[in-house]
Amino acid sequence: MSAGTAPAFSEVIHSPVRLRICGVLRRGAELEFALLRDTLGLTDANLSKNLRVLADVGFLTVRKESSPSRADARRLTWVTLTPEGRRAVEAHLAALAQIAEG
(Lines give C-alpha, C1' and ligand atoms only; values in the text may rest on other atoms or scores of the structure.)
Protein backbone atom coordinates (compact mmCIF):
# COMPACT_ATOMS: atom_id res chain seq x y z
CA MET A 1 0.00 0.00 0.00
CA SER A 2 1.15 3.50 -0.72
CA ALA A 3 1.67 5.72 2.27
CA GLY A 4 -0.85 8.52 2.26
CA THR A 5 -3.45 6.71 0.16
CA ALA A 6 -6.88 7.89 1.25
CA PRO A 7 -9.06 4.90 2.12
CA ALA A 8 -11.93 4.33 -0.32
CA PHE A 9 -13.85 1.07 -0.28
CA SER A 10 -14.65 -0.22 -3.79
CA GLU A 11 -17.60 -2.58 -4.30
CA VAL A 12 -16.17 -3.41 -7.75
CA ILE A 13 -12.77 -4.47 -6.44
CA HIS A 14 -14.10 -6.13 -3.29
CA SER A 15 -15.45 -9.20 -5.10
CA PRO A 16 -13.09 -12.04 -4.08
CA VAL A 17 -12.08 -12.88 -7.66
CA ARG A 18 -11.57 -9.23 -8.68
CA LEU A 19 -9.62 -8.52 -5.49
CA ARG A 20 -7.30 -11.44 -6.31
CA ILE A 21 -6.91 -10.21 -9.92
CA CYS A 22 -6.02 -6.73 -8.70
CA GLY A 23 -3.65 -8.15 -6.10
CA VAL A 24 -1.67 -9.94 -8.79
CA LEU A 25 -1.72 -7.00 -11.21
CA ARG A 26 -0.84 -4.32 -8.64
CA ARG A 27 2.83 -5.27 -8.83
CA GLY A 28 2.88 -3.37 -12.10
CA ALA A 29 3.37 -6.07 -14.67
CA GLU A 30 1.30 -6.62 -17.76
CA LEU A 31 0.28 -10.28 -17.63
CA GLU A 32 -0.92 -12.65 -20.31
CA PHE A 33 -4.44 -14.02 -19.81
CA ALA A 34 -3.40 -17.69 -19.53
CA LEU A 35 -0.75 -16.91 -16.91
CA LEU A 36 -3.23 -14.88 -14.87
CA ARG A 37 -5.86 -17.63 -15.23
CA ASP A 38 -3.43 -20.34 -14.14
CA THR A 39 -1.99 -18.27 -11.27
CA LEU A 40 -5.47 -17.67 -9.86
CA GLY A 41 -6.86 -21.11 -10.70
CA LEU A 42 -9.85 -19.69 -12.57
CA THR A 43 -11.74 -20.84 -15.64
CA ASP A 44 -11.47 -18.81 -18.84
CA ALA A 45 -15.11 -17.74 -18.50
CA ASN A 46 -14.77 -16.64 -14.86
CA LEU A 47 -11.61 -14.66 -15.54
CA SER A 48 -13.07 -13.06 -18.69
CA LYS A 49 -16.24 -12.00 -16.88
CA ASN A 50 -14.33 -10.38 -14.02
CA LEU A 51 -11.80 -8.69 -16.32
CA ARG A 52 -14.71 -7.19 -18.25
CA VAL A 53 -16.19 -5.73 -15.04
CA LEU A 54 -12.85 -4.13 -14.12
CA ALA A 55 -12.29 -2.87 -17.67
CA ASP A 56 -15.80 -1.39 -17.89
CA VAL A 57 -15.08 0.91 -14.93
CA GLY A 58 -11.64 1.86 -16.29
CA PHE A 59 -9.56 -0.07 -13.75
CA LEU A 60 -7.70 -2.19 -16.29
CA THR A 61 -6.91 -2.46 -19.96
CA VAL A 62 -7.07 -5.56 -22.10
CA ARG A 63 -4.83 -5.70 -25.16
CA LYS A 64 -4.81 -8.41 -27.82
CA GLU A 65 -1.98 -9.28 -30.17
CA SER A 66 -1.16 -12.10 -32.53
CA SER A 67 1.20 -14.76 -31.28
CA PRO A 68 4.32 -15.37 -33.35
CA SER A 69 4.52 -18.93 -31.98
CA ARG A 70 1.04 -19.93 -33.19
CA ALA A 71 0.11 -21.05 -36.67
CA ASP A 72 -3.60 -20.35 -36.10
CA ALA A 73 -5.38 -16.99 -35.86
CA ARG A 74 -5.77 -17.01 -32.08
CA ARG A 75 -4.36 -13.99 -30.31
CA LEU A 76 -2.74 -13.47 -26.93
CA THR A 77 -4.59 -11.31 -24.43
CA TRP A 78 -2.58 -9.02 -22.16
CA VAL A 79 -4.01 -7.39 -19.02
CA THR A 80 -2.73 -4.50 -16.92
CA LEU A 81 -4.10 -2.09 -14.32
CA THR A 82 -4.63 1.49 -15.44
CA PRO A 83 -3.28 4.33 -13.28
CA GLU A 84 -6.88 4.86 -12.09
CA GLY A 85 -7.15 1.16 -11.30
CA ARG A 86 -3.90 1.20 -9.38
CA ARG A 87 -5.12 4.15 -7.28
CA ALA A 88 -8.47 2.40 -6.67
CA VAL A 89 -6.74 -0.80 -5.54
CA GLU A 90 -4.45 1.08 -3.14
CA ALA A 91 -7.40 3.07 -1.77
CA HIS A 92 -9.43 -0.13 -1.33
CA LEU A 93 -6.57 -1.85 0.49
CA ALA A 94 -6.21 1.21 2.73
CA ALA A 95 -9.94 1.00 3.51
CA LEU A 96 -9.62 -2.71 4.36
CA ALA A 97 -6.67 -1.92 6.65
CA GLN A 98 -8.72 0.77 8.34
CA ILE A 99 -11.58 -1.69 8.86
CA ALA A 100 -9.17 -4.31 10.25
CA GLU A 101 -7.72 -1.79 12.69
CA GLY A 102 -11.21 -1.10 14.03
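Buried means under 20% relative accessible area, exposed over 50%, and partly exposed in between, using a 1.4 Å probe and protein chains only. Helices (H or I, at least four residues) and strands (E, at least two) are DSSP runs, numbered from the N terminus.

The model is predicted: local features need pLDDT of at least 70, side-chain atom pairs count only at pLDDT 80 or more, and totals for chains, interfaces and linings use all residues. Residues are numbered from 1 along each chain as its sequence is written, and side-chain values use heavy atoms, with hydrogens and water left out.

Start at helix 3, residues 33-40. Its buried residues are Phe33, Leu36 and Leu40. Look down the axis of helix 3: these residues fall within an arc of 70 degrees, so they line one face of the helix. The arc is taken from the directions from the helix axis to the C-beta atoms. On the other side, Asp38 and Thr39 are exposed.

What covers the buried residues? The cover includes helix 2 (16-25), strand 1 (31-32), helix 4 (44-56) and strand 3 (75-81). Contact here means heavy atoms within 4.5 Å.

Now check the ends of helix 3. Glu32 caps the N-terminal end, with a side-chain oxygen 3.0 Å from the backbone nitrogen of Ala34. Just after the helix, Gly41 takes a positive phi of about 65 degrees.

Two strands pair if DSSP finds at least two bridges between them. Strand 1 joins strand 3 over 2 bridges, in the antiparallel sense. Leu31 stands opposite Val79 of strand 3.

Notes. Polar contact = N/O pair within 3.5 Å; in protein donor to acceptor, adjacent residues only side chain to side chain.
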